[in-house]
Amino acid sequence: MSQSSLPEGLHRDTLAVRAAAERSQYGENSEALYLTSGYVQPSAQSSADRFAGDEDGFTYGRYGNPTVASFEQRLAAMEGAPACISTASGMSAILMMCMGLLKAGDHVICSHSMFGSTIKLIGTDLAKFGVESTFVSQTDTAAWKAAVKPNTRLLFAETPTNPLTDVCDIQALADIAHNAGALLAVDNCFATPVLQRPMAMGADIVMHSGTKYLDGQGRVMAGALCASEELVTKTFLPVLKSSGMTLAPFNAWVVLKGLETLELRMQAQSAKALELARWLSGHGMVNKVFYPGLASHAQHELAMAQQSGLGGAVLSFEVKASGADQARARAFHVLDSLKVLSLCTNLGDTKTLCTHPASTSHGRLTEDQRQTAGVTQGLVRVAVGLEHPQDVQADIDRGLSTIA
Ligand SMILES: Cc1ncc(COP(=O)(O)O)c(C=O)c1O
């Protein structure tokens with residue numbers, strides 16, 4: 001393979017289509033897909049050196065693959081990160097980060113309005129292995145600071161959060177983490193490097209669910225951690241090698257190609273989400289709209305400064321109702337009335353996806369955890385795709401305007 005040697009200082013949209021575009025001897029213009037689980041070694045000595053990490057070269061599919069490496073290098077370039085390591089899903093990226101950085105007795109601080117599975121993984125599953133955690137208010141920087149303990153090793157923030165789009169101050173959290181001798185990791189799944197580059201604001205690790213916008217068309221699962229060369233090669237790679245959370249080459253190829261259109265999609269989908277958020281805000285059956293692009297959003301100014309002036313493509317709204325039972329029935333009515341949009345618990349697709357977070361993404365939490373996170377029974381999340389805004393509005397209005 002010939003190594004692509006690009007000039008320094010290229011812009012992100014150029015890197016999205018040009019970075020890590022390795023070519024084989026055939027000179028293919030579109031990146032090749034290398035489906036192989038093993039690699040033939042030139043000699044026994046080379047094989048030994050490669051397994052020992054003393055010589056470059058692929059050895060075994062669990063450890064690395066050229067297509068997977070291209071995805072990692074391109075994502076790192078777009079995040080402005082020195083290195084990247086990919087995994088089979090977003091959750092396995094979080095697990096790899098925690099297994100690499102934490103041991104029994106260490107302490108993690110997260111927000112209590114993070115993605116439901118993240119709360120479960122850190123608060124319940126890792127607790128079984130002696131990792132302590134404290135969950136604080138996403139937007140209360142003083143609460144993050146007050147939660148720091150001598151054994152705090154990691155602050156993990158997701159901004160904007162799923163599903164309420166709460167935004168936290170990355171720079172402020174990086175300062176708190178570093179003053180405590182800890183690291184800051186940011187889940188950049190909602191914003192993507194198009195809107196927000198957390199490492200430029202002081203974060204040490206950027207985590208991605210490639211399943212979402214990086215793929216962008218709802219096809220494959222993928223995950224990644226962007227970080228320093230040292231963290232990637234010395235802390236995370238050994239976990240990958242022994243745990244096998246490896247990203248499949250085909251999935252890597254899909255997300256690699258997805259990165260090429262990420263900028264266009266994020267801009268178009270953010271614009272359509274803003275239009276929908278404005279329309280929902282004026283709807284008589286809507287109690288509240290959660291979207292960072294709206295001036296009414298509690299962290300609107302911070303979001304605009306931190307996210308390149310864009311709100312992203314996910315919003316949530318609460319239907320008007322009295323009591324949790326009525327709220328749930330009304331939210332279900334809106335979802336069951338859809339004829340164009342998908343009732344689907346995913347996000348980051350070109351198709352608009354609608355879901356009821358309280359019974360799906362946050363369904364495994366206790367009622368107490370859900371209430372603290374603000375995930376009410378009347379909440380509907382919309383991950384806005386590329387359909388015409390009038391068709392999206394008409395489909396949501398089908399249910400909203402017929403609530404009994
Ligand atoms: C913010 C956020 N982080 C992480 C994940 C987990 O990603 P995956 O489903 O790829 O494991 C999700 C999935 O919805 C998510 O929304």
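**Exercise 1. Determine which pocket holds the ligand and describe the shell around the ligand.**

Solution. In this predicted model, the second largest pocket is where the ligand sits.

Step 1. Identify the contributing elements. Helix H4 (90-101) and strand E6 (205-209) are the elements that give two or more residues to the shell around the ligand.

Step 2. Count the neighbours. The ligand is surrounded by 14 residues, and the closest are Gly-90, Met-91, Asp-187, Ser-209 and Thr-211.

Step 3. Sort the shell by class. It contains 6 nonpolar, 5 polar and 3 charged residues.

**Exercise 2. Decide whether Ser-86 is buried or exposed, and name the side chain with which Ser-86 forms a polar contact.**

Solution. Step 1. Locate the residue: Ser-86 belongs to strand E1 (residues 83-87).

Step 1. Apply the cut-off. Buried means under 20% relative accessible area; Ser-86 has 1% relative accessibility and therefore counts as buried.

Step 2. Find the partner. The side chains of Ser-86 and Glu-72 are joined by a polar contact of 2.7 Å.

**Exercise 3. Locate the cis peptide bonds that involve Pro-160 and Pro-163, and examine the positive phi values of Thr-192 and Ser-308.**

Solution. Step 1. Recall the background: most residues other than glycine have a negative phi, and most peptide bonds are trans.

Step 1. Thr-159 and Pro-160 are linked by a cis peptide bond with omega of about -5°. Pro-160 lies in the loop between strand E4 (152-158) and helix H7 (170-179).

Step 2. Asn-162 and Pro-163 are likewise joined by a cis peptide bond, with omega of about 10°; Pro-163 is in the loop between E4 and H7.

Step 3. Thr-192 has a phi near 65° and is part of helix H8 (residues 192-195). Its relative accessibility is 1%, so Thr-192 counts as buried.

Step 4. Ser-308 has a phi of about 55° and lies in the loop between helix H12 (300-306) and strand E9 (314-319). Because its relative accessible area is 45%, Ser-308 is partly exposed.

Conventions: Residues are numbered from 1 along each chain as its sequence is written. This is a predicted model: local features need pLDDT of at least 70, side-chain atom pairs count only at pLDDT 80 or more; totals for chains, interfaces and linings use all residues. Side-chain values use heavy atoms; hydrogens and water are left out. A residue is near a molecule or strand if one of its heavy atoms lies within 4 Å of it. On a 1 Å grid over the protein atoms alone, a cavity is a set of points where a 1.4 Å probe fits but cannot get out, and a pocket is an open set with protein on both sides within 12 Å along at least five of seven lines; lining residues have an atom within 4 Å of a point. A molecule sits in a cavity or pocket if more than half of its atoms lie within 2 Å of its grid points. Helices (H or I, at least four residues) and strands (E, at least two) are DSSP runs, numbered from the N terminus. Ala, Val, Leu, Ile, Met, Phe, Trp, Tyr, Cys and Pro count as nonpolar, Asp, Glu, Lys and Arg as charged, and the others, Gly among them, as polar. Buried means under 20% relative accessible area, exposed over 50%, partly exposed in between (1.4 Å probe, protein chains only). A polar contact is a pair of N or O atoms within 3.5 Å; within protein, one must be able to donate a hydrogen and the other to accept it, and residues adjacent in sequence count only if both atoms are side-chain atoms.
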